[in-house]
Amino acid sequence: MGLLRKACARYSPQVHAFAKRSFTSLNDATAAALVHGIHVFHCPDEVGIVARLSECIASRGGNILTADVFVPQKENVFYSRSEFVFDPAKWPRAEMDEDFSKLAKMFNAMRSVVRVPNLDPKYKIAVLASKQDHCLVDLLHAWQDSKLPVDITAVISNHDRGPNTHVMRFLERHEIPYHYLNTTNEDKREGDILNVVNDTNFLVLARYMQILSGSFLKSYGRDVINIHHGLLPSFKGGNPSKQAFDAGVKLIGATTHFVTEELDEGPIIEQMVERVSHRDSLRSFVHKSENLEKQCLAKAIKYYCELRVFPYVKNKTVVF
């Protein structure tokens, strides 16, 4: 029996029923008035947490749609993520925060976050990119098509793009500021970056080929998400795709992770892989690799905004 199923059985048989509920259990008039919410909880493990969480939502007329629980073996910690619907007229947003705050105090929670996507402001992000455009362009188009629940406040680059390029025309059309910061080995312009991103919720490195210092990360104080290809550590230095292609690798990938002081060693959020073969040209090889990077980064940002990502032990994540 898996850990999730064990935890559900251990805490309450109600959680199985919650996972099966949906809008179909409500009449059309009621469903039309309801709003979708997400709550995540991380606390020391003890009996009765699921029951209290469900009681909090049900007592306010809410309806739990899904409930994911993870209780690691031999560790006294509890993780949960619930999606629910509620009537904001009966459960005002401020009262919701207060109710979940009381639960957090009751169970000495390390993390208790509630989010109502249709009522709460979107996450503000800044995107940092160097010369390669594929991840940046993909994020901009996903943002334009409302596929990512974020507002892009700025694009920052150490590469000076011309005024008539696709990226610059897009940014100008949507009034997104572009900040070209010429970096050197002696000056990474981190102070200037901090000035641009001080009102963001998190940062995205979309193939930003500069190392952010520990001092920068500490000063920023919020999460930074990075994407890189899966050809490390075997193929380092310039043109790793050609190195891997020439070596005849059969599997390529991409990794999205949080940025820490240890280069490319932060907790992993998402990884994706794809097979390549002798039939691939260098061009198709690179195309597949870049597609993986785009998909992997977009997935990680979506997971993060949907409160699916938890820190877990020293250098791991729980991703619901």
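Helix 6 (residues 134–144) and helix 11 (residues 282–305) pack at an angle of about 45 degrees, their axes lying 9 Å apart. That angle makes helix 6 oblique to helix 11 (under 35 degrees counts as roughly parallel, over 145 as roughly antiparallel, 65 to 115 as roughly perpendicular and the rest as oblique). The crossing of helix 6 past helix 11 is right-handed. On the helix 6 side, the contact (heavy atoms within 4.5 Å) is made by H134, C135, D138 and L139, and helix 11 contributes E290, E293, K294, L297, A298 and I301. By type, the residues of this contact comprise five nonpolar, one polar and four charged.

This is a predicted model, in which local features need pLDDT of at least 70 and side-chain atom pairs count only at pLDDT 80 or more, while totals for chains, interfaces and linings use all residues. Residues are numbered from 1 along each chain as its sequence is written, and side-chain values use heavy atoms, leaving out hydrogens and water.

Now for R161, found in the loop between strand 6 (150–157) and helix 7 (166–174). R161 counts as buried because its relative accessibility is 7% (buried means under 20%, exposed over 50%, partly exposed in between, with a 1.4 Å probe). Its side chain makes these polar contacts (pairs of N or O atoms within 3.5 Å):

| Side chains | Distance |
|---|---|
| R161 and D133 | 2.6 Å |
| R161 and Y178 | 2.8 Å |

Leaving aside residues up to four places away in sequence, R161 touches S130, K131, Q132, D133, L136, V167, M168 and Y178.

Terms used: Axes fitted to C-alpha atoms, helices over the stretch in contact; angles between N-to-C directions. Helix = DSSP H or I, 4+ residues; strand = E, 2+ residues; numbered from the N terminus. Left-handed = near helix turned anticlockwise from the far one by under 90°. Nonpolar A, V, L, I, M, F, W, Y, C, P; charged D, E, K, R; others polar. Polar contact = N/O pair within 3.5 Å; in protein donor to acceptor, adjacent residues only side chain to side chain.
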